Amino acid sequence: MMANKVAVLIYVSLLLVFTTIDAAVLHVAPGDSIQAAVNLAEEGDMVLVQSGTYEGEPDSDYGVRVTTNGLRLLGTGQVNLVPASDGSNQVGIFISPPTIPEEDQLCDYYNSVNGRPDGTDDCGGAWLHGATIEGFTVQGFPGNGIQTRWVDGFTISRCKSIDNELNGLYATISKNGVVNNCFSSGSFGTALWASHCMNVELSNNELMHAPTGLEITVSNQIWIHHNFVHDNTVGIGLYHPRASGNPPMEEMADWIVEKNKVYNNNYQNTAGEGSFEALVPSGLGIFLFGVSGHVVSQNDIQGNNIAGVALVGYCTGIAIPGQNDRTCDVAGIPEEDPSVKNNEIIKNRFKGNGLELPEGFPLPNGADVLFLYTDPIESGEGTCFEKNRAPSGDVTFLAFADIATSCA
């Protein structure tokens, strides 16, 4: 994974170097249209937006839509983007190629993730190459705050997502990207979500007041570090494809969760009725739900009422809320392995977790670490716990299986 960490930084840096040569700078002042400047920009140009409050583009699904390779959209000072007064906007800032493949072509995404030499892929779309969004506060949109889709090489930095209803910061079907030094709060889905992504770094963000603070689904090579994730229903959620409703990739591995602060994720669940997120109980710090092959290391995990780290097989977890139509008995065992195996939980610091179960929660007690799966349909084989610590010296476990205390 270390090589992949370096690769993300090198890739994005090279894109910035090669797209800034001979680039123009377009200036936007209060009263001007950001979208008009973006439409005028050519590959590698910078759109520099002065401090002020700007409405999104009228008669459009998007407050601002970026479809130009290598565009840098930078806010200076305090730049606020709010929905257009005609009520048409759904997403605040949307970054994508001009033509987006249809939803039913997502199943081919894994085969096309590296693209063809001509920039196209098996799904019939072309990647947008290179995008930077920096210094924007996006607030009050009914959909996502800032979203990428089919983008190769992106940076979202120093941005704020506030009270955007669906998700705050959302990277989807994208690769070789960075989301850092951002703030996200007040969404009914996820504050920061990467789905169908490859080789993405999420770092130094503050994420709060959402059903899931930071979520990963259906992705490869994701590096999550130095984030402050607090006061959500679930702090960091690593979820099975069926939980997210997204089609799987052939391989979904190598998610590194390290050196984050995960505090007090006991926030009321505000997710929409009928969604997976609405079923998740409040009080989980880091939740590995039917996923395998990941690392949770050197995190500071405090004050989460049910568990600091919960590893739960998909079929086991989906049965706990009592949603009969979703259980594996009724809906069937997923084709994608529902196990929680080959995960490494190492060198984490636990304090004050598992001390206050929600009323009616169907477990006898909480713990620093919760480890549950159901044989024979699920496995926890290869999952290990090593060198974790608590102030008392003993990390507390609630496990219906043997615990491997060495990851050697």
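This is a predicted model: local features need pLDDT of at least 70, side-chain atom pairs count only at pLDDT 80 or more; totals for chains, interfaces and linings use all residues.

Visitor: Which cysteine sulfur is nearest to that of Cys182, and at what distance?

Guide: The nearest cysteine sulfur to that of Cys182 belongs to Cys159 and is 4.9 Å away, and Cys182 is in no disulfide. A disulfide needs two cysteine sulfur atoms within 2.5 Å. Cys159, with a relative accessibility of 1%, counts as buried.

Visitor: How many disulfides does the structure hold, and which cysteines form a disulfide?

Guide: The structure holds one disulfide, formed by Cys384 and Cys407, whose sulfur atoms are 2.0 Å apart. This pair links distant parts of the chain, since Cys384 is in strand S27 (residues 384-386) while Cys407 is in the segment after strand S28 (397-399), and the two are 23 residues apart. The torsion about their S-S bond is about 115°, so the disulfide is right-handed. As for its setting, Cys384 counts as buried, at 4% relative accessibility.

Visitor: How should I read a nonpolar core?

Guide: In soluble globular proteins, nonpolar side chains tend to be buried together. Here the largest nonpolar core has 67 residues, and those with the most contacts inside it are Ile34, Val47, Leu73, Phe136 and Leu202. Strand S12 (residues 190-203) gives the most to this core, namely six residues. Apart from this core lies another, of 23 residues, which includes Tyr239, Leu279, Val280 and Ala310.

Visitor: Which residues does Ile34 touch, if those up to four places away in sequence are not counted?

Guide: On that count, Ile34 touches Val28, Val49, Tyr54, Val64, Leu73, Leu81 and Phe136.

Visitor: For contrast, is Gly77 buried or exposed?

Guide: Gly77, which has its place in strand S5 (residues 71-82), counts as exposed, with a relative accessibility of 63%. Leaving aside neighbours within four places in sequence, Gly77 is in contact with Ser51 and Gly135. The case of Ser51 shows how sequence and space can be read side by side, for Gly77 and Ser51 are 26 residues apart in sequence and 5.0 Å apart in space, C-alpha to C-alpha.

Visitor: And how does one look for the empty spaces?

Guide: Rolling a probe the size of a water molecule over the atoms shows where empty space is left. In this model there are two cavities of 30 Å³ or more, and the largest cavity has a volume of about 180 Å³. Among the 17 residues that line this cavity, Pro281, Leu284, Phe287, Gly317 and Ile320 lie nearest its centre. Strand S20 (284-289), strand S23 (307-312) and helix H5 (314-319) are the elements that give two or more residues to the lining, and S20 gives the most, with three.

Visitor: What classes of residue make up the lining of the largest cavity, and what classes make up that of the largest pocket?

Guide: The lining of the largest cavity has 16 nonpolar residues, one polar and no charged, whereas the lining of the largest pocket divides into six nonpolar, five polar and five charged. That pocket holds about 200 Å³ of space, and of its 16 lining residues the closest to its centre are Met252, Gly290, Val291, Ser292 and Asp337.

Note on methods: Residues are numbered from 1 along each chain as its sequence is written. Side-chain values use heavy atoms; hydrogens and water are left out. Helices (H or I, at least four residues) and strands (E, at least two) are DSSP runs, numbered from the N terminus. Buried means under 20% relative accessible area, exposed over 50%, partly exposed in between (1.4 Å probe, protein chains only). Contact means heavy atoms within 4.5 Å. On a 1 Å grid over the protein atoms alone, a cavity is a set of points where a 1.4 Å probe fits but cannot get out, and a pocket is an open set with protein on both sides within 12 Å along at least five of seven lines; lining residues have an atom within 4 Å of a point. Grid points are joined across faces, edges and corners, and a volume is the space filled by probe spheres set on the points. Ala, Val, Leu, Ile, Met, Phe, Trp, Tyr, Cys and Pro count as nonpolar, Asp, Glu, Lys and Arg as charged, and the others, Gly among them, as polar. A nonpolar core is a set of buried Ala, Val, Leu, Ile, Met, Phe, Trp, Tyr and Cys residues joined through side-chain atoms within 4.5 Å.
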